[in-house]
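This briefing goes through a few features of one protein structure. Please keep the sequence and the 3D view at hand while reading.

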Amino acid sequence: LTWKTSRRRLLAGASAATTLLALPAWTRASAPSDTSMRPIPSTGQLIPVIGLGSWITFNVGQDPALLEQCTKVVSAFLESGGGMIDSSPMYGSSQNTIGHALARLEEANAVFSADKVWTSSGQDGPDQIAATQSAWSVAQFDLLQVHNLVGWEAHLETLFAMKAEGQLGYVGITTSHGRRHGLFEKVMQRYPLDFVQLTYNVLDRHVEDRLLPLARDRGIGVIVNRPYRRGQLLNYFEGKPMPGWAQDIGAENWAQILLKFVISHPAVTVAIPATRNVAHVRENKQAALGPLPDSDTRRRMAKDLASL
Ligand SMILES: NC(=O)c1ccc[n+]([C@@H]2O[C@H](COP(=O)([O-])OP(=O)(O)OC[C@H]3O[C@@H](n4cnc5c(N)ncnc54)[C@H](OP(=O)(O)O)[C@@H]3O)[C@@H](O)[C@H]2O)c1
């Protein structure tokens with residue numbers, strides 16, 4: 001066992017010496033036919049294919065009602081199998097919101113903690129990472145990513161050194177829609193990355209040309225951000241009649257159609273839709289259950305949805 005057994009979540013208010021160690025439910029054996037789990041290419045460790053983003057949705061400051069709502073979302077996420085929660089120092093108070101939720105939830109160790117380093121100064125990276133660990137109340141992260149390649153050379157050096165010293169499980173880089181893809185590809189070619197995070201959805205498909213095939217070739221896990229294009233796709237499709245093929249792929253709503261498209265790409269390891277709504281987090285988790293579209297159906301989905 002790799003990252004999970006070495007990970008210790010600090011008990012709220014306890015000293016670093018008092019640590020909690022437990023195996024998450026989802027590291028137990030999973031049937032090969034279980035469509036809700038994917039192997040992380042660099043280790044084979046299984047991870048739920050639906051994770052949880054936190055940009056905007058978890059930036060709720062100190063508002064007690066909104067903090068409570070976000071805690072319920074994290075709770076529902078954990079009850080539905082847990083997995084990757086993704087944040088960044090760029091996301092306002094989102095890291096603190098996650099820490100607030102995890103301190104109150106018993107199943108908190110079913111989380112695969114993913115955060116980022118986001119500062120142009122390589123020297124400031126370690127202090128930022130320490131502050132991020134403190135916001136989450138974790139002694140170490142499962143995954144740290146260089147956010148949008150900002151200061152990437154220095155930060156990758158820091159992250160690979162942390163990994164080598166057993167202070168970090170996995171190393172990654174991120175981008176969002178169309179940004180710095182040329183450089184992104186070069187970094188993918190050159191470094192032994194565990195994960196890349198990029199934008200992919202039924203209307204934003206250019207990563208299918210180069211980045212997704214390269215990730216497969218290089219054995220790099222893929223995390224998909226903006227699967228709903230920040231919610232715009234759902235606003236656009238909601239209310240339109242569901243296509244006939246929705247039933248064949250077991251989709252009960254538009255959200256599941258869009259997620260099933262994303263996670264049926266063979267290079268994709270995890271998709272991280274963000275939500276502040278408990279019903280939505282359950283709906284998103286359920287998208288991984290049941291059938292997924294094959295390549296012919298995927299082509300049809302892309303064609304039909306682009307013309308709607
Ligand atoms: N460069 C980077 O590193 C980068 C860039 C972009 C994003 N990210 C990461 O990726 C995550 C996801 O991207 P995103 O937040 O930009 O956009 P997104 O996940 O595509 O869309 C989020 C929006 O979708 C809505 N939603 C979620 N599930 C729904 C459902 N089942 N039914 C109806 N509406 C639903 C949410 O509203 P409700 O709250 O009402 O459900 C929210 O407004 C981010 O939160 C962040 O963690 C990283």
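At 15% relative accessibility, Glu-185 counts as buried, because the cut-off for buried is under 20%. Its salt-bridge partner is Arg-210, at 2.7 Å from N to O. The model is a predicted one.

**Other salt bridges**
- The structure holds 10 salt bridges.
- Side chains of opposite charge can pair when their charged atoms come close.
- Glu-68 and Lys-72 form one of the salt bridges, at 4.0 Å from N to O.
- Glu-68 and Lys-72 lie about one helical turn apart, because they are four residues apart in helix H2 (residues 64–79).
- Glu-68 is partly exposed, with a relative accessible area of 42%, and Lys-72 is partly exposed at 46%.
- Asp-296 and Arg-299 also meet in a salt bridge, at 2.7 Å from N to O.
- These two residues are three apart in helix H11 (residues 295–306), so about one helical turn separates Asp-296 from Arg-299.
- Asp-296 and Arg-299 are both exposed.
- A network of salt bridges links Arg-205, Glu-208 and Arg-298.

**The sheet**
- Seven strands form an open sheet with parallel pairing, in the order S5-S6-S7-S8-S9-S10-S11.
- Strand S5 (83–86) and strand S11 (270–271) are the edge strands, and each pairs on one side only.
- S5 runs parallel to strand S6 (residues 111–117), and four bridges join the two.
- Gly-83 stands opposite Val-111 in S6.
- Helix H5 (residues 152–164) packs on the sheet, where it touches S6, strand S7 (141–146) and strand S8 (168–174).
- The direction of H5 makes about 160 degrees with that of S8.

**Ser-87**
- Ser-87 is found in the loop between S5 and helix H3 (94–104).
- Its relative accessibility is 0%, so Ser-87 counts as buried.
- The side chain of Ser-87 makes a polar contact of 3.1 Å with the side chain of Ser-54.
- Leaving aside residues up to four places away in sequence, Ser-87 touches several residues, among them Ser-94, Gln-95, Ile-98 and Trp-136.
- Ser-87 also touches Ala-114, Asp-115 and Lys-116.

Key
Residues numbered from 1 in each chain as written. Predicted model: local features only at pLDDT ≥ 70, side-chain atom pairs only at ≥ 80, totals over all residues. Heavy atoms only, no water. Pairing = 2+ DSSP bridges. Contact = heavy atoms within 4.5 Å. Axes fitted to C-alpha atoms, helices over the stretch in contact; angles between N-to-C directions. Buried < 20%, exposed > 50% of the residue type's maximum accessible area, 1.4 Å probe, protein only. Polar contact = N/O pair within 3.5 Å; in protein donor to acceptor, adjacent residues only side chain to side chain. Salt bridge = Lys/Arg side-chain N within 4 Å of Asp/Glu carboxyl O.
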